[in-house]
Amino acid sequence: MELWDQRVEPYAERLEEARGAVLCDLALDVVEATLPLFDPPFATFFPAEHAALIRSAVDVRRSSPAEWWRDTGFAEGFLARYDALPEVPVRPAVGPFMTATVRLFEALPEPLTADDAMEVLSSCYEAVLMSHLTGRVTLEDEENSDRCRAAVEQQIRIIEDQVPSVSAGS
């Protein structure tokens with residue numbers, strides 16, 4: 001997690017300036033951007049019911065892009081579906097990713113706080129890290145990982161796109 005701590009964590013204070021709706025969109029964008037970074041691919045990495053639940057979170061915004069986060073019915077249904085997921089063995093990285101997505105919907109219908117958004121981003125990165133690196137992982141391991149670097153770069157790009165005043169090191 002050192003790479004994330006060094007590159008993305010510095011944006012935390014600046015996210016305090018963002019409105020809650022922007023943080024909701026930002027967090028869901030990071031969830032969606034994380035899907036292709038799993039190894040093996042997301043469709044085979046997650047059990048089918050878990051994958052369908054995550055996909056439903058991404059799809060809800062497509063159906064109502066401006067106000068998706070105010071959809072309390074969807075949020076309640078999402079959390080109920082999460083609670084009903086079958087007890088099946090899952091890979092270690094599934095936990096942080098599910099936690100990230102659940103965290104997003106637990107806060108609704110109130111917009112996310114900057115701290116909530118950073119927790120979602122951190123959990124998404126942790127899931128990518130755990131999906132293909134094991135054991136004691138060093139900063140060098142993370143820097144040498146295409147997927148870890150891509151996860152960090154995507155998160156920074158999403159932050160900078162949605163919170164334009166944010167820039168690393170400012």
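This is a predicted model: local features need pLDDT of at least 70, side-chain atom pairs count only at pLDDT 80 or more; totals for chains, interfaces and linings use all residues.
Over which residues does pLDDT stay under 50? Select residues 166-170: that is the stretch in question, and the model has 9 contacts for it beyond four places in sequence. Across the protein the mean pLDDT is 88, and 96% of the residues reach 70 or more.

Next, go to the largest nonpolar core, which has 63 residues. Select Phe-46, Trp-68, Phe-97 and Phe-105, the members that touch the most other members. In soluble globular proteins, nonpolar side chains tend to be buried together. Keep Phe-105 selected and show its surroundings. Leaving aside residues up to four places away in sequence, Phe-105 touches Ala-57, Val-60, Trp-68, Phe-74, Ala-75, Phe-78 and Leu-79.

Now select helix 3 (residues 20-34) together with helix 10 (residues 146-162). Their axes are 10 Å apart and the packing angle is about 155°, which makes the two helices roughly antiparallel. The crossing of helix 3 past helix 10 is right-handed. To see the contact, show side chains on both helices. Helix 3 contributes Val-22, Asp-25, Leu-26, Asp-29, Val-30, Ala-33 and Thr-34, while helix 10 contributes Gln-154, Gln-155, Ile-158, Ile-159 and Gln-162.

Last, select Glu-110, in the loop that lies between helix 7 (94-107) and helix 8 (114-132). Is Glu-110 buried or exposed? Its relative accessible area is 54%, so Glu-110 is exposed. Then draw a distance from Glu-110 to Phe-46, C-alpha to C-alpha: the two are 29 Å apart in space and 64 residues apart in sequence.

Technical notes
Residues are numbered from 1 along each chain as its sequence is written. Side-chain values use heavy atoms; hydrogens and water are left out. pLDDT is the predictor's confidence in each residue, from 0 to 100. Contact means heavy atoms within 4.5 Å. A nonpolar core is a set of buried Ala, Val, Leu, Ile, Met, Phe, Trp, Tyr and Cys residues joined through side-chain atoms within 4.5 Å. Buried means under 20% relative accessible area, exposed over 50%, partly exposed in between (1.4 Å probe, protein chains only). Axes are lines fitted to C-alpha atoms, for helices over the stretch in contact, and angles run from 0 to 180 degrees between N-to-C directions. Helices (H or I, at least four residues) and strands (E, at least two) are DSSP runs, numbered from the N terminus. Angles under 35 degrees count as roughly parallel, over 145 as roughly antiparallel, 65 to 115 as roughly perpendicular and the rest as oblique. A crossing is left-handed if the near helix is turned anticlockwise from the far one by less than a right angle, and right-handed if clockwise.
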